[in-house]
Amino acid sequence: MLTTNAAQAANTGGPRRAWPVLHRLGTLPRETRDTLWLLFVVGWVIAPLATHVPLWTMPLAYAMLAWRGWLAWGERPLPARWLKGAMLIAVVALTLMSHRTIVGRDAGVTLIVMLLVLKTLELRARRDAMVIFFLGFFTLLANFFFSQSLGVAAMMVIGLLGLLTALINANLPVGRPPLLRSMRTAAVMTAMGAPIMLVLFMLFPRMAPLWGMPGNDMAGKSGLSEEMTVGNIASLVMDEGIAMRVRFNTPNGRPPEQQHMYFRGPVLTHFDGTRWTASNWFDPRMNDQGVPASAQLEVLGAPISYEVTLESNNRPWLLLLDAADQRPALPLNMRARMTPALQWLVNRPISSVLRYSAQSHVDFRSGPMERTSALHPLVDLPQGFNPRTVALAQEMRADPQLANQGNMAFVNAAMQRLRTGGYSYTLDPGVNGTHAADEFWFDTKQGFCEHIASAFVILMRALDIPARIVTGYQGGEMNGIDGYWTVRQSDAHAWTEVWIEQRGWVRVDPTGAVMPTRIGQFQRLQPPRGMFGTAMDTVISPTAFARMRSVWEAVNNGWNQWVLNYTQERQLNLLRSLGIESPSWQDLGRLLGAIIALAALAGAGWSFWEKNHQDPWQRMLQLTRKRLQSAGLELPAHLPPRSMANAVQARYGEEARSLRDWLMHVDSARYARHPDHALIALKKEFARLQWPRNKANIG
């Protein structure tokens, strides 16, 4: 235990040690202060790239920045040239090992981050600072290769202001100008450039890119996949990220009935015993809307119109309600087509937020009405897997109550078994062995949606009933702030389709038999709350937290709708609203050119006016010289106020004492802390001055 004196020393030691650090920050030499500020800005600019570069990159980068800051703080010499060369070679080697190349987007971003940090280790002269500024602005833009979200944009605006502050400070004269003044100048420059940025954003023609950026287009995104190993979707439900937002174009904005709210994704047809994969079969015989003849789609009833804002997933598939017989309305450079399994695909991976509108029918029929050879692969099962499930199918086939009732009777019997057989819906069903369907039907009797769907399809195929798994999203939640339905990754779902004679493909969701509220009331299983989440519940109520999340997501959605989805079509609509009946991108170019020409003329006029514009202090002194000239005293234009006061004293003596004192006041106030306030007071005094008489006219 500490003694009283020791405790007092310990209690006071912290502040005594802390105050010298704060004092040191306030008295740093200008070079050290500017260096530390630049290092901080560099660290801020590269921070959002942490999840897009190899794991070694950020620890090494921040270690180098900290080392450079330590050198600047202690005014120590910079590392030797051979050491910096060795570090450069090591960085290039690590990049090559991580990406297998030093060319392309991902490898290029890794290199630019490390080169920017390495350059700070040789920051000696203004020339080195200019290179860092250039690399910093380039790195700032590189953040948008991976994300254009509102959060990243806000961070980059702050980074832009930080870099501009450092750039302005580097161009100021000698002395120790405060950073706050440079920040204000940077803010003014940014505000002045904002109108130009807005005009370019609104009117610069948007065209398809002329080149592609090499990169791993299919990596690094959570979401659905074109293959499914039992357990994948159960892990996806832990992700609360947003998959898409939907706005229904109905009078009340409400979605279809809950049992129809299925957003269709990859359809899995091939099973190798442990993994389900999608078929790559395409039918080249398509109508004008991109619907293949083999889909045999017949829609019934009125369509449901809606708009989807799909988050980037680096996959080529769209997510639509079942089923759409018309091609979705997409940006001009994208084209969509349907597979025979009713899944819509586009001509390139979706690497950024995409907005499209569509019409779907919840009442439809698809597939052949009679059994054909095209259905044979959909009853295939690998040999040697799930023998007990195959035996169960044989027992059901031998049941006289089911044998002559058609395929739908077997489907209903399997669903009844799920309802009454003690099966449960869980996120953690345990580890699956080789015979996953057998374990579900007879041993564990628990699973997540893909466990249940997989076991159900295997049983159907063992009964010689064509069946397949459909993955996608089911349900969602409405955001009361903006009226959009938010579909999260945690809404990922797997269901089945079975073929019934004279009905075609029929959706059967076996999860609904195990947990009806999952489908009917959109109830989700919640992952266990961690220590942090439990602690946060005591600080912020779940209701308040949900409200805050809704507001933030509504703001992000507004950013997506008005900024990220400002497409060429919306540009042309802008021209139509201005009275151009058939606008084109050439019209955009002409309008932009006209605005640029007007801005150039306005700038030239401003420059001409400013060139001939006189400083208010000089204008006041010029008026003073004219008054003195009429009083008989002619003074040169270059004479400062103090010299003018001496000349007035010499010519008029005590008669012009008030004028002499006023001129002396002008001389001292011109360079005061608040000269504008002093100018107002001096103008008022000028109006009350008593001017001397012209002695040449006294006679």
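H6 passes H7 in a left-handed crossing, meaning the near helix is turned anticlockwise from the far one by less than a right angle (clockwise would be right-handed). This is a predicted model, where local features need pLDDT of at least 70 and side-chain atom pairs count only at pLDDT 80 or more, while totals for chains, interfaces and linings use all residues. Residues are numbered from 1 along each chain as its sequence is written, and side-chain values use heavy atoms, leaving out hydrogens and water.

So how do H6 and H7 sit together? Helix H6 (residues 126–142) and helix H7 (residues 150–170) pack at an angle of about 165°, with axes 11 Å apart; axes are lines fitted to C-alpha atoms over the stretch in contact, and angles run from 0 to 180 degrees between N-to-C directions. That makes H6 and H7 roughly antiparallel, a label for angles over 145 degrees.

Now follow H7 onwards. The axes of H7 and helix H8 (residues 179–203) come within 8 Å and cross at roughly 120°. H7 and H8 are therefore oblique to each other, oblique being what is left after under 35 degrees (roughly parallel), over 145 (roughly antiparallel) and 65 to 115 (roughly perpendicular). This crossing is right-handed.

Finally, hop over to Asn-479, in the loop between strand E15 (477–478) and strand E16 (485–488); strands are DSSP runs of at least two E residues, helices of at least four H or I, numbered from the N terminus. Asn-479 is buried, with a relative accessible area of 4%, as buried means under 20% (1.4 Å probe, protein chains only).

How values were computed
Buried < 20%, exposed > 50% of the residue type's maximum accessible area, 1.4 Å probe, protein only.
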